[in-house]
Amino acid sequence: MDKIVHIKTFGCQMNERDSEIMGQLLGRSGYVRGDEPETADLILVNTCSIRDKAEQKVYSLLGQLRDLKAKKNNIRIGVCGCVAQQEGRKIIERMPHVDLVVGTQQLYQLPVLLDRLESGELSRAVALDLNPVFAIPPFQHLLREENLQKNEKKHTPVQRYVNIMQGCNNFCSYCVVPYTRGREISRPLADILEEVRLLAAQGVREITLLGQNVNSYGKTNAVAPQVTSFPDLLRAVAEIEGLKRLRFTTSHPKDLDLTLMRCFAELEVLCPHFHLPVQSGSSAVLARMNRGYTAEAYLDKVEQLRGIRPDIALATDFIVGFPGETEEEFVETLQLLESVRFHSSFSFKYSDRPQARATAFPDKIAEEVKGERLSRLQSLQNEISLQWNTNLMHKEVEVLVEQVQTQAGRGRSSANQVVYFHLQADQALPVVGDLVRVQIEHAGPHSLRGAMLS
Ligand code: SAH
Ligand code: SF4
Ligand code: F3S
């Protein structure tokens, strides 16, 4: 009988993709993925360390799993992802019921480590190497026809993530990622293309290329000559048959150049949607963050980009309450938001992270002040997002269908807005993966609603 693995995922798209990879790897060792921790033989907690006392939250979740293990002692518990990388052996020492700790670049070891636990060769397993010259293992083989039978997903989702690089060399002063994911490494072009081709052949219609800093694909620690520039990579992926939409995340503003901007005008499958995290509208704060650009330089790039692709929907990330952020500096962030008018944004209260330089910075901002700034920023963003969406009233939007019910469905626009649609009399129901046109009848700040057009 198949063994069951329950994988609990926190954090970014990279972690979601890593969870998929772990599921696929374990599929080859006779595991199927299950939704219930109670019925699982193996529970993997794929952790994120980006903010907010992440490690404490992981320890408290692991505490709950201790009780489950006490009731059912043949269950194995593993911790992976960024908190596993950061805390390492401490997890094993503090949590005697944890069997396995696997770092962010050691996923491929999972089946072997489980075998060694099973055979009794190891009583507990830890794999944490972050090797700076280590090439990304070619996980695309897991998607080949012959390896698919036991995989966790029998139905093909419309949208999938594809890693193009690992790690980050930017060392923004607030950020834990360079420590948890290691140095920047680009994945060979041929591996990426094979993965996208396999996915497209299985019916995947939208691909999002993933990296912490995709603009520097191929520039650092490249496994030359197997890599190219990021715009060339985009061009190669855009040609793959069956692909209807292409996106990428995340871009660093300092590395955004004209060649990449032009891709938004040249490549039809590349969605006019761009996530370009600004973090702050104050050049002084940006300097303390070690972001490598000023607010003015960011605004210039936005103007250039809009000159090339006027309908581009810009999204961003903001951090409020960075150490030493004055009211005036925060107001500069509000002003930048006003002037760029982002389609959407994610905004966070600054939090100290292990090893990040800003943790040692003076003048930490009080929680209440951070909370108050966050809500001012978010209410301005909501107004702007609503305005963007209201402008779409009575207009037609192209939607990639993700879900269908009897007389209705849901999908996303090329600008990544969630769109709910209903069918009109005698229209045939679309299938998942179709592109349909929807006339917008209702606009909210986070979604749109409308009627499907024939
Ligand atoms: N590589 C991407 C994003 C990485 S993390 C980039 O360079 O933009 C995602 C977001 O989390 C960041 O954009 C930032 O806004 C937020 N973040 C990162 N560290 C943080 C911290 N210590 N406190 C609060 N927010 C943080
Ligand atoms: Fe973190 Fe900066 Fe790297 Fe993004 S670019 S992952 S924010 S260090
Ligand atoms: Fe979190 Fe690690 Fe991603 S810290 S945001 S899971 S890279």
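In what order do the three strands of the open sheet run, and is the pairing parallel or antiparallel? The order is 12-13-14, and the pairing is parallel. Before going on: this is a predicted model.

I'll stay with the sheet for a moment. Its edges are strand 12, residues 273-275, and strand 14, residues 344-349. Each of those has a single partner strand, so one side of each has no neighbour in the sheet. From one strand to the next, the twist averages 15 degrees. Strand 13 covers residues 313-320, and three bridges pair it with strand 12 in the parallel sense. If you want a place to look, find H273, which stands opposite A313 in strand 13.

Next, the helices by the sheet. Helix 13, residues 367-390, lies across strand 13 and strand 14. Relative to strand 14, helix 13 runs at about 175 degrees. Helix 13 also packs with helix 12, residues 327-340; the angle there is about 10 degrees and the axes are 10 Å apart. An angle under 35 degrees counts as roughly parallel, and helix 12 and helix 13 are therefore roughly parallel to each other. Which residues meet at that contact? From helix 12 there are E327, F330, V331, T333, L334, L337 and E338. From helix 13 there are R373, R376, L377, L380, Q381 and I384.

Now helix 9, residues 258-266. Here L260, M261, C263 and F264 are buried. They sit on the same side of helix 9, because the arc they cover around the axis is only 140 degrees. What do these buried residues pack against? The partners are helix 8 (230-238), strand 11 (245-249), strand 12 and helix 11 (295-308). So strand 12, an edge strand of the sheet, is also one of the elements that helix 9 packs against.

Last, the cores. In general, nonpolar side chains in soluble globular proteins tend to be buried together. The largest nonpolar core in this model has 67 residues. Within it, L209, F230, L234 and F248 touch the most other members. The element that gives the most to this core is helix 7, residues 189-201, with six residues. Another core lies apart from it, with 21 residues, including I21, C80, L107 and A125.

To finish, take F248. Leaving aside neighbours within four places in sequence, F248 is in contact with T208, L209, V214, F230, L234, L260, F264, L270 and F274. Two of those, L260 and F264, are among the buried residues of helix 9.

Technical notes
Residues are numbered from 1 along each chain as its sequence is written. Chains are lettered from A and ligands numbered from 1 in the order in which they are written. This is a predicted model: local features need pLDDT of at least 70, side-chain atom pairs count only at pLDDT 80 or more; totals for chains, interfaces and linings use all residues. Side-chain values use heavy atoms; hydrogens and water are left out. A nonpolar core is a set of buried Ala, Val, Leu, Ile, Met, Phe, Trp, Tyr and Cys residues joined through side-chain atoms within 4.5 Å. Buried means under 20% relative accessible area, exposed over 50%, partly exposed in between (1.4 Å probe, protein chains only). Helices (H or I, at least four residues) and strands (E, at least two) are DSSP runs, numbered from the N terminus. Contact means heavy atoms within 4.5 Å. Two strands pair if DSSP finds at least two bridges between them. Axes are lines fitted to C-alpha atoms, for helices over the stretch in contact, and angles run from 0 to 180 degrees between N-to-C directions. The arc is that of the directions from the helix axis to the C-beta atoms. Angles under 35 degrees count as roughly parallel, over 145 as roughly antiparallel, 65 to 115 as roughly perpendicular and the rest as oblique.
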